[in-house]
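Please work through the following exercises with the sequence and the model at hand. Each task is followed by a stepwise solution.

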Amino acid sequence: MHLTLRTPVAQPPAQVLAGFTRELFLALAPPFPKLRLHRFDGCRTGDRVEIELITGPLHQRWTSLITDHGQRPDGTLYFVDEAQTAPAPLRYWRHRHLIEPGPHGGSVIVDAIEFRTASPLLDALLYPAMWAQFAWRKPIYRRWFT
């Protein structure tokens, strides 16, 4: 299942990429499920992010590896995180973070996500929740990168 959200922000791409810090990661966390950050190395190839999702008594680990980062010829900056360990029911997770040059010196942050469970039906049922989790980020991005 594919999900893409685009958020225009005021800062230029290099500034936005530099702002993808541990503090921003924590600020982007939605209220549910609760998130505990165990490790945040950064956004460069080989960096790791390890979190724990807490839903009542259920605690699930999620470990992502930054598998690629760089700059495209059009000036778009990017990094890609891929789940090494994902919480049930996810079986596959790939999140491309694109920071495209925007009009008037700003940027457009693109969250391009691909996820899969064991069932296309479950993928479709999860889609609205996934969309909501990432739509939550839009006003935070706008405030953070004014």
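**Exercise 1: The nonpolar cores**

Identify the residues with the most contacts inside the largest nonpolar core.

Solution. The largest nonpolar core comprises 30 residues, a nonpolar core being a set of buried Ala, Val, Leu, Ile, Met, Phe, Trp, Tyr and Cys residues joined through side-chain atoms within 4.5 Å. Buried means under 20% relative accessible area (1.4 Å probe, protein chains only). Val16, Phe20, Trp93, Ile109, Phe115, Tyr141 and Phe145 have the most contacts inside this core. Helix H3 (residues 120-135) contributes the most to this core, with four residues. Apart from it lies another core of six residues, including Tyr78 and Val80.

The model is predicted: local features need pLDDT of at least 70 and side-chain atom pairs pLDDT 80 or more, while totals for chains, interfaces and linings use all residues. Residues are numbered from 1 along each chain as its sequence is written, and side-chain values use heavy atoms, without hydrogens and water.

**Exercise 2: Helix H4**

Determine how the buried residues of H4 are arranged about its axis.

Solution. In H4 (residues 137-144), a DSSP run of H or I with at least four residues, the buried residues are Arg137, Lys138, Ile140 and Tyr141. Viewed down the axis of H4, they fall within an arc of 165° (directions from the axis to the C-beta atoms), so they line one face of the helix.

**Exercise 3: Strand S5**

State how S5 pairs with S4 and with S6.

Solution. S4 (residues 58-71) and S5 (residues 77-85) run antiparallel, joined by eight bridges; strands are DSSP runs of E with at least two residues, and pairing requires at least two bridges. Ser64 has Ala83 in S5 as its bridge partner. Six bridges join S5 to S6, also antiparallel, with Val80 opposite Arg96 in S6.

Technical notes
Buried means under 20% relative accessible area, exposed over 50%, partly exposed in between (1.4 Å probe, protein chains only).
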